[in-house]
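Let's walk through this model together, one region at a time. Keep the sequence and the 3D view side by side as you read.

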Amino acid sequence: MGYVTKADRMLIGGELVESTSGSWDESLNPANESAIGRVPAGTKADVDRAVEAAQRAWPAWAARSPKERGEVMRAFGEKVRERAEEILQVEVADTGNTINPMRGDVGHAVDSLNYYAGIAHELKGETIPATPNHLHLTVREPYGVVARIVPFNHPVMFAVARTAAALAAGNAVIVKPPETSPLSAMILAQIAQEALPAGIFNILTGSGATVGDAIVRHPEIKRIAFIGSVGTGLAIQRAAAEVCVKHVTLELGGKNPMIVFPDCDPDEIARAAVKGMNFTWQGQSCGSTSRLMLHEDIYDAVVERITDIVSRLRVGDPMREESEMGPLNSAGQYRKVMDFIESGRNEGARLATGGSRPEGELFRKGYWVRPTVFAEVDPKMRIWREEIFGPVLSVCRWNSIDEAIKLANGVEYGLTAAIWTRDLKNALKTAGRINAGHIWINGAGPHYLGVPFGGMKNSGVGREEGIEEMLSYTETKVINIVL
Ligand code: NAD
């Protein structure tokens with residue numbers, strides 16, 4: 001048994017447990033398709049158990065002062081940091097993401113815990129001078145039991161960083177890791193068992209259709225936060241609405257434009273466009289700038305340079321420091337990406353580089369695809385309109401800004417956008433006309449802690465990573481005092 005970790009228990013009510021099903025799901029290393037660990041195959045009964053435990057736990061947690069909650073969260077963060085190397089090894093083997101940039105994930109998770117621990121005092125209410133003979137007050141109360149459903153691209157980071165706000169606000173959390181990369185959550189379960197009060201942090205593994213759906217439909221979970229695909233987001237909204245009124249926030253997919261004006265340096269743009277694509281996660285990033293829109297004056301120069309850089313990216317074992325791209329996360333992702341590449345070819349885009357499996361012994365098994373660039377992409381093509389969530393960059397040209405804005409906004413998504421020009425006035429005007437929740441000017445890619453992240457249109461509802469996220473885990477209660 002070549003398992004990379006022995007950790008294989010869910011966390012329910014402070015206990016490391018198997019599933020009531022008694023069954024297990026094995027997780028595969030996407031680089032070679034070997035089984036590298038197992039997790040309990042959770043059931044609806046497990047969800048019920050976790051909700052009962054969380055219900056028992058949250059009132060005492062919410063009754064602690066923000067300072068006390070913050071101290072517990074910081075101590076939890078330190079314990080996560082102590083096991084960072086072990087988490088990293090498991091996460092890289094289980095996701096296929098390359099080790100070098102993946103080092104940042106645990107650090108970012110701990111930074112988020114510390115950030116929300118620090119701002120918990122901002123769970124403030126207001127006094128409103130509505131009438132002279134009253135004191136009108138608002139107070140913020142936690143929902144109680146909340147759920148966080150996590151995608152496969154940054155499992156441990158999302159499980160920690162994106163639950164910190166809910167914990168700071170006094171809630172108990174149920175985390176559902178992704179089924180194709182669930183192993184790091186089993187280490188997290190051990191750490192949380194030691195570091196957090198029983199029942200305020202629960203981890204339930206299993207399929208989306210069983211465990212995810214049971215979480216969404218549980219009537220005692222009124223607040224659900226989801227990161228994943230548009231299709232699943234819509235399914236969650238529908239399922240939740242069949243049960244009761246719930247507060248559902250969604251961080252969904254993107255098909256993000258990078259709009260480049262003719263005053264830019266082609267070398268700089270080529271480097272930025274490759275970085276913005278997040279090839280280090282095989283393009284499996286919601287914020288990837290997967291639609292590159294070049295002004296026709298610099299189109300040829302940039303396409304030539306990008307083709308050169310992308311064709312030289314080092315695809316290889318994600319555990320090796322020098323690898324710049326690993327395998328796709330799963331067989332399903334591999335099929336989906338290959339299908340998109342096929343459609344790009346069939347619809348007449350020009351394949352500038354990539355488009356196939358790399359050659360060599362290392363790539364015989366596993367979900368490998370070469371980093372791919374399509375030029376001369378037409379906005380009617382599927383590769384322009386739909387999120388591929390893979391290492392495929394689509395490039396098109398423009399010559400009038402009105403046409404460029406129409407192109408940029410002409411998809412169902414509105415997550416991020418990048419605008420490149422030396423003319424700041426032009427950049428700001430363009431930013432004002434782009435329907436996206438997060439825009440970079442002369443940059444692409446990074447998130448900044450404390451700065452809200454989230455999408456417009458079908459890219460989502462709600463904003464995370466700033467104070468707004470923490471407040472979204474509370475309900476406002478008004479108290480009117482007659483004087
Ligand atoms: P997915 O929607 O397939 O799955 C996400 C999670 O939902 C998994 O844990 C899965 O088990 C669970 N799930 C599946 N069906 C469910 C159901 N019916 N009810 C409840 N839960 C269910 O997404 P994925 O393939 O893991 O991730 C890729 C997607 O995530 C992409 O579209 C990407 O853009 C998006 N994403 C968005 C952000 C963001 O911040 N906007 C960040 C990362 C990823």
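Start at Lys 176, which touches Arg 148, Ile 149, Val 150, Leu 204, Gly 206, Ser 207, Gly 208, Val 211, Gly 212 and Ile 215, leaving out residues up to four places away in sequence; contact here means heavy atoms within 4.5 Å. Lys 176 sits in strand β8, residues 172–176. Strands (E, at least two residues) and helices (H or I, at least four) are DSSP runs, numbered from the N terminus. Lys 176 counts as buried because its relative accessibility is 2%, where buried means under 20% relative accessible area, exposed over 50%, and partly exposed in between, with a 1.4 Å probe and protein chains only. Its side chain reaches the backbone oxygen of Gly 206 at 3.0 Å. That is a polar contact, meaning a pair of N or O atoms within 3.5 Å; within protein, one must be able to donate a hydrogen and the other to accept it, and residues adjacent in sequence count only if both atoms are side-chain atoms.

A word on the ground rules: this is a predicted model, so local features need pLDDT of at least 70 and side-chain atom pairs count only at pLDDT 80 or more, while totals for chains, interfaces and linings use all residues. Residues are numbered from 1 along each chain as its sequence is written, and side-chain values use heavy atoms, with hydrogens and water left out.

Leu 204, one of the residues touched by Lys 176, is also in contact with Asp 46. Asp 46 belongs to helix α1 and, at 0% relative accessibility, counts as buried.

Now follow α1 itself. Its 20 residues (44–63) should span 28 Å at 1.5 Å a residue, and the end C-alpha atoms are 29 Å apart, which agrees; the expected span is 1.5 Å times one less than the number of residues. At the start of the helix, a side-chain oxygen of Thr 43 comes to within 3.3 Å of the backbone nitrogen of Ala 45. Further along, α1 bends by about 35° at Ala 57, with Pro 59 following within four residues. The bend is the angle between axes fitted to the seven residues ending at a position and the seven starting there. Among the buried residues of α1 are Val 47, Ala 50, Ala 57 and Trp 61.

Next, step back to the whole chain. The domain assignment gives domain 1 as 10–252 + 460–481 and domain 2 as 257–448; such bounds come from an automatic or database assignment. The C-alpha centres of the two domains lie 31 Å apart, and 29 residues of domain 1 are in contact with 30 residues of domain 2. About 2300 Å² is buried between them, with carbon and sulfur atoms giving 55%; buried area is the accessible area (1.4 Å probe) that two parts lose on being put together, summed over both.

Finally, look at two backbone details. Asn 278, in the loop between α10 (266–276) and β13 (291–295), has a positive phi of about 55° although it is not a glycine. Asn 278 counts as buried at 14% relative accessibility. Lys 457, in strand β20 (residues 456–457), has a positive phi of about 45° and is likewise not a glycine. At 38% relative accessibility, Lys 457 counts as partly exposed.
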